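Here are some friendly notes to read alongside the structure. Please keep the model open while you go through them.

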Amino acid sequence: MPEVNGPQRPGGWTRFVTARPRLTLLAALVITALAVLAGGGVADRMGSGGWQAPDAESTYATKALEREFPASQPNLLLLVDSGAASVDDPAVAAEATRLAARLAREADVVGVRSYWQDKAPALRAKDGREALIAARIKGDDKAAGEVLDRLAPAFRGEHGPVNVSVGGPAAVQHEMQKIIQEDLLRAEMIALPVTLVLLVMVFGSAIAALLPLGVGIVAILGTNAVLRGITEFADVSVFAQNLTTALGLGLAIDYALFIVRRFREELATGAPTRTAVGTTLRTAGRTVLFSSLTVAVSLAAMLVFPQYFLRSFAYAGIAVVLLAAAAALILLPAALMLLGPRVNSLDLRKALRRRRPASAADAASAGAEAGAGWGRFAKLVMRRAPLFAIATSVGLVLLGLPFLGVKFGTADDRQLPATAESHVVQQHVRDGFPGSPGGSLDILAEGAATPAQYAAYRDRIAALPGVLRVDGPFTEGRTAYFGVLGKGEPVGEETQRLVKDLRAQPAPFETSVTGTAAVLVDSKEAIGDKLPWAVGIIAVVTLLLVFLLTGSVLIPIQAVVLNALSLTAMFGAVVWVFQDGHLSGPLSFTSTGDIETTLPVLMFCVAFGLSMDYGVFLLSRIKEEYDRTGDHEHAVGFGLRHTGGLITAAAVILAVVMVAIGTSRVTNTKMLGLGIALAVLMDAMVVRSLLVPAVMKLTGRASWWAPAPLRRFHERFGLSEGEAPRPGDGAIPSPGVSEPERVPSRT
């Protein structure tokens with residue numbers, strides 16, 4: 001005789017988060033306050049570099065030259081402008097010589113060299129109205145920034161017959177760090193109020209709208225504390241703070257939207273508050289946990305790269321994702337326990353419509369009417385599935401075609417606004433001084449050698465086809481270096497080939513090549529070596545996680561392929577806009593004609609993770625309904641009807657946050673923010689709305705196929721939204737029922 005299982009008792013996690021909600025929130029408040037204290041001043045401990053591979057030949061050579069020949073690696077430039085007079089005017093020469101001597105007396109400055117010291121042509125502008133004083137500030141980026149803060153005001157400005165501007169790599173990095181901090185604060189001031197308005201439009205209730213913001217603020221503050229701890233033993237890029245803000249707000253809003261929406265649906269069925277929270281955690285809570293893991297894995301893949309620029313985003317991304325999920329799964333349920341039906345209070349949309357829903361049920365009814373539009377849209381797409389699948393795929397591929405012409409380069413002063421002092425100095429050097437500033441290569445020679453051996457080696461490299469001039473050797477004991485000026489652009493293909501030719505030349509001593517082009521060659525090699533591992537990790541773990549969610553072999557493959565396809569528009573736009581310079585005027589940036597090598601990797605990992613976030617939300621509801629009804633086409637329409645509006649709203653809000661980040665005056669940050677905003681919108685509005693239902697219609701019930709061993713594996717270890725059936729149960733109960741009864745097993 002069939003047995004019916006009784007009501008399900010609340011799970012351990014539900015009991016934990018609902019037992020003492022006030023104590024939970026109080027503890028969270030204390031921990032958040034401690035995080036504010038711990039994370040204070042984290043930006044001051046961050047660096048603005050990190051693009052070089054630390055174990056590369058160019059990195060080794062640069063550090064050795066800084067140590068043995070500091071004058072060969074100047075990071076501080078004083079641009080001396082003599083006005084209408086010549087730089088050789090006696091009064092100008094006297095004042096410039098005094099300034100150089102004053103700079104040489106500074107304790108943290110070495111390797112001071114000026115045009116007036118030895119009349120070096122490379123330090124004198126072509127028009128004779130400007131010349132350079134070059135030096136090296138000792139220490140790391142942080143130490144150099146502190147020295148600059150002290151020196152720059154003393155040397156900048158009018159000094160008798162000359163005017164001095166401060167530039168050089170140290171000044172560029174220091175100014176970039178300050179601008180990023182200022183821009184991040186402005187982005188937060190833009191994003192927070194706009195996000196709140198959008199949340200009110202989504203929820204109607206001001207109380208419900210404030211909950212996602214609270215989760216986001218906790219995640220951001222907690223991540224700053226984590227990054228502060230990481231700076232004690234590892235380098236962290238200041239750019240990572242932008243990702244902290246973007247993902248902290250974006251993912252917190254995604255997760256809170258999903259949980260609060262499901263909680264309100266449960267209240268609308270008449271479920272008591274505790275039961276509604278429990279059902280929400282067993283359904284939407286599982287999906288949030290699952291989603292956070294997929295995003296964290298995508299970001300964790302950046303840990304395989306040696307550049308600390310990329311590793312920094314992994315540190316920040318993993319921390320902010322897990323903290324956002326923890327806040328959504330612990331603090332948010334505690335707040336919902338205390339609020340109960342009052343989560344629908346303070347309906348600010350009352351003035352914008354004739355009738356205000358008087359209860360959660362009325363609000364749910366209004367939401368159902370909006371969802372019906374998504375349901376009709378899903379049916380339209382599935383009726384014309386081949387057309388939508390082909391047209392959407394072809395369109396996305398066409399949008400990505402500009403990326404085939406991508407050129408990789410290195411970040412320089414042109415990342416900064418055109419009015420930034422260090423950018424102005426470097427531009428004057430580029431335009432007005434002889435040679436190819438930033439394009440020279442240095443060869444470090446280590447080991448005992450005779451003058452004849454040095455001369456023979458110099459003649460050999462001077463004979464290479466890409467070499468314009470060779471300077472040196474400059475010797476210091478058993479160490480020497482040569483300066484090589486190439487014929488090509490500083491980081492062009494010809495100069496990159498020259499790097500490889502120089503490294504291939506035999507020598508009676510150990511040689512290492514560095515310079516901007518050498519750094520680029522090494523960075524491309526390091527990324528190329530590790531990229532297959534990163535992509536493999538993301539693909540394999542994503543396939544596994546989606547399989548655990550769906551129990552299907554085909555759907556995980558579809559998810560990975562469609563996710564990758566959703567990124568094509570972002571990569572195409574990055575090249576068309578930022579490399580080729582279209583829209584450089586309206587967007588206020590200087591195009592360098594290339595893309596910094598690490599940026600596409602970063603954007604891929606972040607955008608892929610966010611796309612999977614939305615994919616999990618959609619697939620979880622489709623899977624839930626398919627398990628309940630066994631009707632594939634109905635389940636796809638049901639999933640889109642119940643998540644289409646939610647995913648679109650979440651994507652628009654995240655895009656607002658990313659666009660706020662994209663208002664930065666630093667080009668790489670602008671590219672990151674605007675590029676990911678485009679990727680998120682394309683994924684939500686094109687891939688999830690058009691391509692996913694079309695493809696799932698074409699694959700039909702075969703979408704859910706898995707071989708018997710994998711089915712058994714999924715039955716044992718798989719996860720799903722909704723209640724999982726016990727062995728022998730005939731069906732999965734509807735998650736909308738607060739205390740479901742089990743369907744009797746059939747004998």
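1. First, some ground rules. This is a predicted model, in which local features need pLDDT of at least 70 and side-chain atom pairs count only at pLDDT 80 or more, while totals for chains, interfaces and linings use all residues. Residues are numbered from 1 along each chain as its sequence is written, and side-chain values use heavy atoms, with hydrogens and water left out.

2. Let us start with helix 6, residues 141-155. Helices (H or I, at least four residues) and strands (E, at least two) are DSSP runs, numbered from the N terminus. Helix 6 has 15 residues and spans 20 Å from first to last C-alpha, close to the expected 21 Å (1.5 Å times one less than its number of residues). At Asp 149 helix 6 bends by about 30 degrees, and Pro 153 follows within four residues; the bend is the angle between axes fitted to the seven residues ending there and the seven starting there.

3. Which residues of helix 6 are buried? They are Ala 144, Gly 145, Val 147, Leu 148, Leu 151, Ala 152 and Phe 155 (buried is under 20% relative accessible area, exposed over 50%, partly exposed in between, with a 1.4 Å probe and protein chains only).

4. Now the cores. A nonpolar core is a set of buried Ala, Val, Leu, Ile, Met, Phe, Trp, Tyr and Cys residues joined through side-chain atoms within 4.5 Å. The largest nonpolar core has 159 residues, and Phe 239, Tyr 255, Met 302 and Leu 602 have the most contacts inside it. Helix 11 (residues 308-339) gives the largest share of this core, 18 residues. A second, separate core of 38 residues includes Ala 144 and Ala 152, both buried in helix 6.

5. Helix 6 also has a partner: its axis and that of helix 4 (residues 90-104) come within 12 Å and cross at roughly 160 degrees. The two are therefore roughly antiparallel (angles over 145 degrees).

6. Helix 9 (residues 240-268) and helix 10 (residues 273-300) have axes that come within 8 Å and cross at roughly 155 degrees. Helix 9 and helix 10 are therefore roughly antiparallel too.

7. Finally, look at the backbone. Most residues other than glycine have a negative phi, and most peptide bonds are trans. The bond from Gly 472 to Pro 473 is cis, with omega near 10 degrees, and Pro 473 is in strand 8 (residues 467-476). Ser 588 has a positive phi of about 60 degrees and counts as exposed at 55% relative accessibility.

Note on methods: Axes are lines fitted to C-alpha atoms, for helices over the stretch in contact, and angles run from 0 to 180 degrees between N-to-C directions. Angles under 35 degrees count as roughly parallel, over 145 as roughly antiparallel, 65 to 115 as roughly perpendicular and the rest as oblique.
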